[in-house]
Amino acid sequence: MVGTQGTKAPPSLLYMVKQVELVVRSHLDELVKPSGITALQYTALTVLERHDGLSAAQLARDSFVTAQSIADLVRSLEARGLVRRERNPRNRRELLILLTDEAHELLARHEEPVRELEERMVRELTGHQTEQFRQALSKAWHALS
């Protein structure tokens, strides 16, 4: 695509966001592979770390996957002993998903390497630029949610 001055137009923001997502996911997959989980499973575990005891529907929304995907993902994590399901005391028909001690240990083992990956991603930015980047991403997400 050529701009008005005969120069190439920069890639779209959507394209650039997708590029970042794909490279982060690839690195994250490599980081968590030795633990026998995927980046998507790791993401779900980190969501539960922040908000333990979510329903499958809420976990799916917060992990950016479909209800069917989260059902398979939770079954896999449960088989690995990383999550357990309990009846919601306020709504006996609903199952809540909770982290096990093993999941907390796994997350603790990966905390430093994941932090280093994030630092690597923004190492060319100042602290102020990093915070602006975080705010911009949050605003973009809210605008589309």
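Visitor: Hi! What relative accessible area does E118 have?
Guide: E118 has a relative accessible area of 41%, which means that E118 is partly exposed. Buried is under 20% relative accessible area, exposed is over 50%, and partly exposed is in between, with a 1.4 Å probe and protein chains only. This is a predicted model, where local features need pLDDT of at least 70, side-chain atom pairs count only at pLDDT 80 or more, and totals for chains, interfaces and linings use all residues. Residues are numbered from 1 along each chain as its sequence is written, and side-chain values use heavy atoms, with hydrogens and water left out.

Visitor: Which side chain does E118 meet in a salt bridge?
Guide: That is R134, at 3.8 Å from N to O. E118 is in helix α5 (residues 101-121) and R134 in helix α6 (residues 127-144), so this pair ties together parts that are 16 residues apart in sequence. R134 counts as partly exposed, at 45% relative accessibility. For the cut-off, a salt bridge is a side-chain nitrogen of Lys or Arg within 4 Å of a carboxyl oxygen of Asp or Glu. Helices (H or I, at least four residues) and strands (E, at least two) are DSSP runs, numbered from the N terminus.

Visitor: How many salt bridges does a search of the whole structure find?
Guide: The search finds nine. Among them is K33 with E30, whose closest N and O atoms are 3.4 Å apart; both of these residues are exposed. E112, R115 and E119 are linked in a network of salt bridges.

Visitor: And which residue forms a salt bridge with E86?
Guide: R84 does, with the closest N and O atoms 2.9 Å apart. E86 is partly exposed at 36% relative accessibility, and R84 is partly exposed at 35%.

Visitor: Switching to strands: what does E86 stand opposite?
Guide: E86 faces L96 in β3. Strand β2 (residues 83-88) runs antiparallel to β3, and six bridges join them. These two strands form a hairpin with two residues between them. Strands count as paired if DSSP finds at least two bridges between them.

Visitor: Where does β1 come in, and in which sense does it pair with β3?
Guide: β1 (residues 54-55) pairs with β3 (residues 91-99) in the antiparallel sense, over two bridges. S55 in that pairing stands opposite L96 in β3.

Visitor: What about F64, what is its phi?
Guide: F64 has a positive phi of about 65°, although it is not a glycine. Most residues other than glycine have a negative phi. F64 is found in the loop between α3 (56-63) and α4 (67-79), and it is exposed, with a relative accessible area of 60%.

Visitor: Which residues make the nonpolar surface patch?
Guide: V20, M121, L125, F133 and L137 make a patch of about 380 Å². Patch residues have over 30% relative accessible area and no salt bridge; like charges are joined within 9 Å, and nonpolar side chains (Val, Leu, Ile, Met, Phe, Trp, Tyr) within 5 Å. Accessible areas come from the Shrake-Rupley method with a 1.4 Å probe, and for residues only the protein chains shown count as cover. L125 sits in the loop between α5 and α6 and is partly exposed at 34% relative accessibility.

Visitor: Last one: which residues does UniProt list for "domain: HTH marR-type"?
Guide: The unreviewed UniProt entry lists residues 10-142. UniProt positions are in the numbering used here, feature names are shortened, and annotations may be inferred rather than shown by experiment. Over residues 10-142 the chain is 68% helix and 13% strand, with the end C-alpha atoms 24 Å apart.
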